[in-house]
Amino acid sequence: MTQTPSPVAAPAAASRYDRATIVLHWLTAVLVLVLFALAMLWDFMPHDVHKQMQSLHISLGIVLAAVLLLRLVWRATRGRRLPMAVEGLQGKAAKAMHYLLYLLLVAQVILGFAWRWAQAEVFQFFDLFPLRFADVRNGPLAHLFGNLHDVIGWTIVILAGLHAAVALVHHHVLKDGVLKRMMGGGRP
Ligand code: HEM
Ligand code: HEM
């Protein structure tokens, strides 16, 4: 006998992102913060720790590239997409912020790879295997990519901070369940 879905459970589940989207969202957030923190802190470290932190940044950067690709493919295919929680100009601004974050993340990953490529340095993935590119050492290009990577890194962190602050206002002040859309378990 087929079971009739509970009339309460169905709308609750439908107003939350699916599990894969939620996991990929929080994984992206943690990776971005760790990548940024590493870059901010390595200049204060002794030479060998500095080098290890840079290698970790690059390895985690490669993980971020994979997570981002997976997230975009999932979103474009089977990921649940919800209507904006707020309407009008505010909803449009939230949507623009989300698209901008995706765009900047993609640009940041490409610039990270391009920077190393222009420095003609080998990528090491957690000391497991090297990723070699053609030797195209180009000082001015490396300088440009480095500057852009730095500026976009800061922009992502500032915009993500704003985005997180808005999510917290929704949760604590407006109490409208927007944050719960991006959380697993419980009812929104
Ligand atoms: C959103 C994620 C990321 C943020 C916030 C970020 C941020 C930064 C920052 C602030 C720096 C220091 C820039 C400077 O010293 O002028 C840096 C360096 C670097 N990042 Fe990223 N990054 C991210 C992702 C990536 C990715 C995906 C890669 C590629 C795998 C990558 C590769 C590099 C490289 C090669 C350096 C230069 C290290 C060196 O000085 O040799 N980054 N990153
Ligand atoms: C680097 C950190 C972060 C990045 C890059 C990021 C990026 C994004 C993106 C691109 C979306 C749109 C999802 C989609 O519809 O495809 C999103 C949604 C969301 N994010 Fe973040 N996020 C970050 C951190 C955070 C934090 C710290 C919070 C909470 C404090 C948060 C709360 C939310 C919520 C609640 C949604 C769903 C909004 C809605 O349903 O209208 N995010 N995030």
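User: Which residues does Val32 touch, not counting residues up to four places away in sequence?

Analyst: This is a predicted model, in which local features need pLDDT of at least 70 and side-chain atom pairs count only at pLDDT 80 or more, while totals for chains, interfaces and linings use all residues. Residues are numbered from 1 along each chain as its sequence is written, with chains lettered from A and ligands numbered from 1 in the order in which they are written. Contact requires C-beta atoms, placed from the backbone, within 7 Å, and, with residues up to four places away left out, Val32 touches Ile156 and Ala160.

User: Which residues of H2 are buried, and against which helices do they pack?

Analyst: Helices here are DSSP runs (H or I, at least four residues), numbered from the N terminus, and a residue is buried if 20 or more other C-beta atoms lie within 10 Å of its own. By that count Thr21, Leu24, Val32 and Leu35 are buried in H2. These buried residues pack against H3 and H5.

User: How many residues make up the largest nonpolar core?

Analyst: A nonpolar core joins buried Ala, Val, Leu, Ile, Met, Phe, Trp, Tyr and Cys residues through C-beta atoms within 7 Å. The largest one contains Leu24, Val32, Leu35, Leu64, Val67, Leu68 and Leu105, with H2 and H3 each supplying at least two of its residues. The total for this core is 7 residues.

User: How far apart are the end C-alpha atoms of H2?

Analyst: The expected span is 1.5 Å times one less than the number of residues, so the 23 residues of H2 should span 33 Å. The end C-alpha atoms agree with this, being apart by 33 Å.

Notes: A residue is buried if 20 or more other C-beta atoms lie within 10 Å of its own, exposed if 12 or fewer, and partly exposed in between; C-beta atoms are placed from the backbone. Two residues are in contact if their C-beta atoms, placed from the backbone, lie within 7 Å.
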